[in-house]
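Q: I am new to this structure and would like a short tour. Could we start with a single residue?
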Amino acid sequence: MVVVKKTIKTYLKNKKKQTRKNKTKCFGQYIISMLKSLNCKYVYGYQGGSITELVNLIEKDKDLEYISCRSEGNAALSAFAEAKMKIDQENTISCCIATSGPGASNLLTGIIDSNLDRQRVLFITGTQNLFDITLGEFQNIKQEYIFESAGLRDSHLISNVENGVRVLKNAVSNSLKFYRPCHLVIPKDFFNKPIEKKKKITWNNHHLSEIFNDTELCNSIIDKIIKYNSSIILGIGSIHLDKKLLGQLLSLLNLPIFFRTDSYRSYDIDDKLNYGIAGIYGENRLDLANKNLNERELTLCIGVLDPSIHVTNQYQNQDKKLIELNTVIKTESTHFKKEIYSMIGYRKNGFLELMIKCVKGHKQFDHKRNVLKTNYETKKQNIFSSKIKSFKSILDKRYETYPLNDTKQYCDPGILMSELSKYVKDGDTISLDTGEHHLWFGQFFKTDKDIRILTSEHMGTMGFGLCSSFAMSLNNPNKISFVIVGDGGFQFSLNELASIRQYGKGKIIIILIHNTTLARSKFLKPGVIQKGCDIFNPDFVKLVESYGGNGVLIEHNSDIHKMKNAINSQNKLCLINIMVDPKLRFF
């Protein structure tokens, strides 16, 4: 009887230990819990031996979905685009995973893109078991050295699990606080290793600041704006700020407003103040924006990550004054007479509230018209008139030269972008790839809808467009995700049509500019033969149909009406193949 009692007691004790052991989280489960606490729903990646265990754990979790892209590079761009889409949300992060060796090195462009555009992405790569890591090992490289040398501040090799929890939390906290990516190299045998100590996941103290009370700074900014003929440029960093408050401040300042592509249409402002997109690819190629920016003596940059390459194409001789307001990082522009630098606390939008208060309390504020009186007032009416007349004349001339009933051999991209503006609705997203089409879009796409535009702003990565629209279809399934891409950029990532067919949730419309040439490169230096710029293309319509999509061919302007039917169709994947004259260029 005593023996039986002891046996039962031992059994119950062992069972209790086993239950505790089963409740203990492994390192991979901790990573998953951390991702879910930061509203991450999708993990983009490509399978490989050193991350198999992590993928397996993700597949078992009901709240997290693994999206297997067709290459690590495309997975990185998709995660990067998702982060840009969620830039105005607190406590969020995107995630991309890859295996060791070439799997990890293929992430490099996406990591640099995320770093330059200051986006919150957690990159996780696997590697050999810790004590097996050597440079001579098959498919192994010193990943953290490569990514650190590319400018990534948080790139770490996890040497043990307990320390790994601390490193992971610090890296992600830095990502949230400073809006930048982070990267961890994790040995493949660590994902299923248990964590001995109970670790809490909290993200309460990562904000740059809670309040903003520097009245002297705000008044100094207002005094400068009044003194000089000024303009405003909004970059993607401005999206951190409250839309209504920033819109109210912009209306009170009553200055010409220019947008970097990613921030265009993010705010509902008076059309007279809206001068459209400027600074494409670091240079002002739009005549109207360039003319008016050059007339300004002072530029107020809000959320522009590096104004020295976004304000003018003559930055090496720049003699303008610059007020730089950035919620993310301090930038050092050496080409400007910089007057003021400020780090804005964006959680409570204290800067905006204080600026609005200071503007309304300033002696130069006109209470009857509810605007600030500046030197800009003396030229305002002429500038407004020239703005409206200039754009209208450009557009009218375009339609006159290339009418909609034109049945010539090719379609005009300017007319196409203008017509596309009519079909975009509130909540839709537009992903812009890199190429000449970006310039056509900036000049002729005009809308008053509340949309989001995503680009590879600093790197200008070809192939970004389709990867971005794929991520948007997952995160915004009830709206249309447009991608505008050239035939060169499309072939960088067209293998993701398979991922779209397998995982896609929302509708994707591909506007393909088909001119059989890499126009941006070919026409870069007039008179110089650019080899490799003329490209062979497949039948894109048949290609997308082979993936279950719908293909539409637009050969000339009289076919543009077909675009409406394609956009309104029930098919979730549609490619509109636009035939453009290969000799036509933007400039």
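Q: Where does Q47 lie?
A: Q47 sits in the loop that runs between β1 (42–45) and α3 (52–60). Helices (H or I, at least four residues) and strands (E, at least two) are DSSP runs, numbered from the N terminus. This is a predicted model, in which local features need pLDDT of at least 70 and side-chain atom pairs count only at pLDDT 80 or more, while totals for chains, interfaces and linings use all residues. Residues are numbered from 1 along each chain as its sequence is written, and side-chain values use heavy atoms, with hydrogens and water left out.

Q: Why does Q47 count as partly exposed?
A: Its relative accessibility is 35%, so Q47 falls in that class. Buried means under 20% relative accessible area, exposed over 50%, and partly exposed in between (1.4 Å probe, protein chains only).

Q: And which residues is Q47 in contact with, leaving aside neighbours within four places in sequence?
A: They are T52, V55 and Y66, where contact means heavy atoms within 4.5 Å.

Q: New topic: what is the strand order in the open sheet?
A: The 6 strands follow the order β2-β1-β3-β4-β6-β5, with parallel pairing; two strands pair if DSSP finds at least two bridges between them. The edge strands, β2 (65–68) and β5 (155–157), each pair on one side only.

Q: How many bridges join β5 to β6?
A: There are 3, and β6 covers residues 182–187. S155 has H183 as its bridge partner in β6.

Q: Lastly, are W440 and F444 buried or exposed?
A: Both W440 and F444 are buried. They lie in helix α15 (residues 436–444), 4 residues apart, about one turn of the helix.
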